[in-house]
Amino acid sequence: MLLFAVPATAQTPVTWGAIADNGQGYYGIIAGMASREAAEVTALSECGSGCTVRLTAPERCVAYAHSANGQASGYGAAATRQQAEQSAWNECNARVPSSSCQLKGVRCFE
């Protein structure tokens, strides 16, 4: 009887990112946390009082965009920085008539 040993594949641990904001441009953003709860608590503590968690995701990168007139925000999470930024920018600009949104923050777990 032949037995083959199959090496265990190393799985990348899941890391969480989160974004909190107050709708007025104050925000907290974090990536690379070991749990959803840790990501949310950290994002809220970075943002300050009056903030709400707006996005939590098991992704490597998270991004936040806010419009110049203060009427819209967008949040993105993805495997790459560029994808997260584009997602946040698109979501924000979908809520305002002109492309007035700017990326305010992005964090990636390296």
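**The sheet and its surroundings**

Mentor: Seven bridges join S4 to S6, and the two strands run antiparallel. Strands (E, at least two residues) and helices (H or I, at least four) are DSSP runs, numbered from the N terminus, and two strands pair if DSSP finds at least two bridges between them. This is a predicted model, in which local features need pLDDT of at least 70 and side-chain atom pairs count only at pLDDT 80 or more, while totals for chains, interfaces and linings use all residues. Residues are numbered from 1 along each chain as its sequence is written, and side-chain values use heavy atoms, with hydrogens and water left out.

Within this pairing, Ala 65 has Leu 103 in S6 as its bridge partner. The open sheet has three strands in the order S5-S4-S6, with antiparallel pairing. S5 and S6 stand at the edges with a single partner strand each, so one side of each is left without a neighbour in the sheet. From one strand to the next, the twist averages 15°. H2 packs on the sheet and touches S4, S5 and S6 (contact means heavy atoms within 4.5 Å). The direction of H2 makes about 155° with that of S5; axes are lines fitted to C-alpha atoms, for helices over the stretch in contact, and angles run from 0 to 180 degrees between N-to-C directions.

The largest nonpolar core has eleven residues in all, among them Cys 61, Ala 63, Ala 88 and Val 106. Such a core is a set of buried Ala, Val, Leu, Ile, Met, Phe, Trp, Tyr and Cys residues joined through side-chain atoms within 4.5 Å; buried means under 20% relative accessible area, exposed over 50%, and partly exposed in between (1.4 Å probe, protein chains only). S4, helix H2 (81-93) and strand S6 (101-108) each supply at least two residues of this core. Leaving aside neighbours within four places in sequence, the contacts of Ala 63 include Tyr 75, Ala 84, Ala 88 and Val 106.

The structure also holds two aromatic pairs. In one of them, Tyr 64 and Tyr 75 are tilted, at 5.8 Å centre to centre with 35° between the planes. Rings of Phe, Tyr and Trp (its six-membered ring) pair if their centres lie within 6.5 Å; planes under 30 degrees apart count as stacked, over 60 as edge-to-face and the rest as tilted. This pair links strand S4 (residues 61-67), which holds Tyr 64, to strand S5 (residues 73-78), which holds Tyr 75.
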